[in-house]
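Visitor: Before we look at particular places, could you show me the model that we are going to discuss?

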Amino acid sequence: MQEEELSQSLSDRPATRGLDRVNPLAAGVLRRNGLKSWTKPAPSLYPHQWSWDSAFIALGLAHVDNRRATSELETLFASQWTTGKVPHIVFNPEAPPKSYFPDAERWNSSALSEHAPAGPRTSGLCQPPVHALAVRRIWQTTRGKDDERVARARAFLSSNYPRLFAWHRYLATARDPEGSGLVTIYHPWESGTDNSPRWDAALARISIGQIPPYTRYDLQHVADASHRPTDEEYDRYLWLLELLKRARYDEAAIYESHPFLVKDVLFSAVLVAANEALLEIAAVVGAPREERALIEAWIERGRRGLEEQWDPEFGLCLDRDVLVGESLRVRTVAGFAPLIAGGLPIGRVKDLLETLDSPAFAGHPRLRRPLPPSTSPEEPGFHPRSYWRGPVWPVATWLLWWSLLRTGEHGRAAGLRRETLEGLAEGGFAEYFEPFTGEPLGSTEQSWTAAVALDMLAAENGSA
Ligand code: 2M8
């Protein structure tokens with residue numbers, strides 16, 4: 001559906017206030033942040049290409065500009081490592097100097113690892129694998145379209161299936177040598193929820209060594225430094241980066257001595273959902289039977305691994321610190337991971353919905369809107385204005401909304417969709433929102449916020 005048609009169909013409905021403006025405004029954000037073949041996550045705070053941002057961006061673009069959606073992912077996957085890893089940042093050589101730190105020089109991945117791509121320079125980490133969900137959305141949006149468009153999408157799926165398969169295989173092997181079904185991350189940046197209190201205990205155990213001097217450029221792009229991670233947190237992030245460089249980004253070496261090895265349940269659940277999407281893609285492209293069997297096994301193992309991390313007291317799933325062999329007992333939005341992974345017995349769905357509706361999350365009495373904050377307001381590490389420590393992130397709400405739809409919880413999904421879109425109509429496409437006031441925080445014009453709005457809007461009558 002074209003931009004104009006989409007907004008037209010919305011204004012035909014018993015419109016919720018201001019919603020008819022959201023679609024053209026969201027498409028405008030993505031247009032303005034767009035460069036040649038890919039999209040910056042935000043106008044100035046993030047001048048490079050980020051992995052899971054691009055996946056969400058492609059998912060939203062699939063509804064308004066299918067060619068652009070495919071080029072977004074093609075550009076990202078062109079920088080895939082030979083191990084299968086999709087890097088978390090692909091550096092833009094044309095970004096203004098001193099606009100983002102750590103930069104390509106600091107990562108130095110192409111000099112340190114033979115597995116890094118020869119082309120554009122990249123970081124040495126990865127992020128949650130939303131990509132197969134985006135590829136499947138690109139396929140889904142061809143439904144009812146002309147033959148040429150369908151053939152183009154099929155060709156895109158065929159050329160990308162092997163890349164996605166290699167990416168998921170990397171995560172299922174190098175990042176899960178224990179065969180637990182859960183992905184190990186080496187750095188909070190890999191989780192995408194960087195300063196979440198999920199990581200406080202694991203980070204506190206690390207003793208920091210000598211870090212080469214650095215200047216943070218992120219702080220010059222936000223209204224208030226307290227919305228971003230603290231300097232103490234950055235020191236830890238930069239120290240972990242030094243250690244990864246010393247290991248030359250070699251997986252076995254990292255696994256042997258790295259002081260931050262954590263089983264991330266949100267990352268792992270996204271992988272399960274992405275593997276389900278990959279199975280569908282595999283069917284479209286006629287992938288070998290053995291590969292499909294492997295993907296099925298990854299799905300099953302992932303769900304089992306998540307179940308083992310269930311915490312009955314919190315009614316949530318918890319991350320696990322590999323080094324001390326203990327769960328990290330913090331209530332964050334990541335705890336809803338089993339919902340994202342799907343395939344749950346009714347009882348477990350009920351448990352999770354109870355937690356979602358409780359005062360620990362969307363039922364907290366002071367919330368501006370009944371949307372889950374990134375960290376429970378009942379947690380000591382909660383902070384309503386600091387990044388992933390409390391604000392509401394539309395991209396995280398999208399994950400829950402999509403999961404609820406898939407679970408058949410249409411009423412709840414419709415509620416999350418309505419509240420999110422109304423919040424965006426009111427506050428714009430900010431990176432995140434203060435949960436008690438609805439105030440937009442972080443970067444303005446954040447691409448993935450606009451992208452998830454487009455996807456939610458396209459889900460006519462709550463079906464995606
Ligand atoms: C944030 O992370 C980057 C580091 O990767 C940063 O703060 O500089 C996170 O919200 C992450 O999830 C996101 O992908 C990235 C770009 O939007 O920004």
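Guide: Residues are numbered from 1 along each chain as its sequence is written. This is a predicted model, in which local features need pLDDT of at least 70, side-chain atom pairs count only at pLDDT 80 or more, and totals for chains, interfaces and linings use all residues, while side-chain values use heavy atoms, with hydrogens and water left out.

Visitor: How do the residues of the lining of the largest cavity divide into nonpolar, polar and charged?

Guide: A cavity here is a set of points, on a 1 Å grid over the protein atoms alone, where a 1.4 Å probe fits but cannot get out, and lining residues have an atom within 4 Å of a point. The largest cavity has 19 such residues, with Tyr-46, Trp-50, Gln-127, Asp-194 and Tyr-387 nearest its centre. Counting Ala, Val, Leu, Ile, Met, Phe, Trp, Tyr, Cys and Pro as nonpolar, Asp, Glu, Lys and Arg as charged, and the others, Gly among them, as polar, the lining divides into 11 nonpolar, four polar and four charged.

Visitor: Which helix gives the most to the lining of the second largest cavity?

Guide: Helices are DSSP runs (H or I, at least four residues), numbered from the N terminus. The second largest cavity is lined by 13 residues, and those closest to its centre are Ala-172, Gly-181, Leu-271, Trp-298 and Gly-302. At least two lining residues come from each of α8 (147-173), α13 (265-285) and α14 (289-308), and the helix that gives the most, with four residues, is α13.

How values were computed:
1 Å grid on protein atoms, 1.4 Å probe; cavity = no way out; pocket = protein on both sides within 12 Å on 5 of 7 lines; lining within 4 Å.
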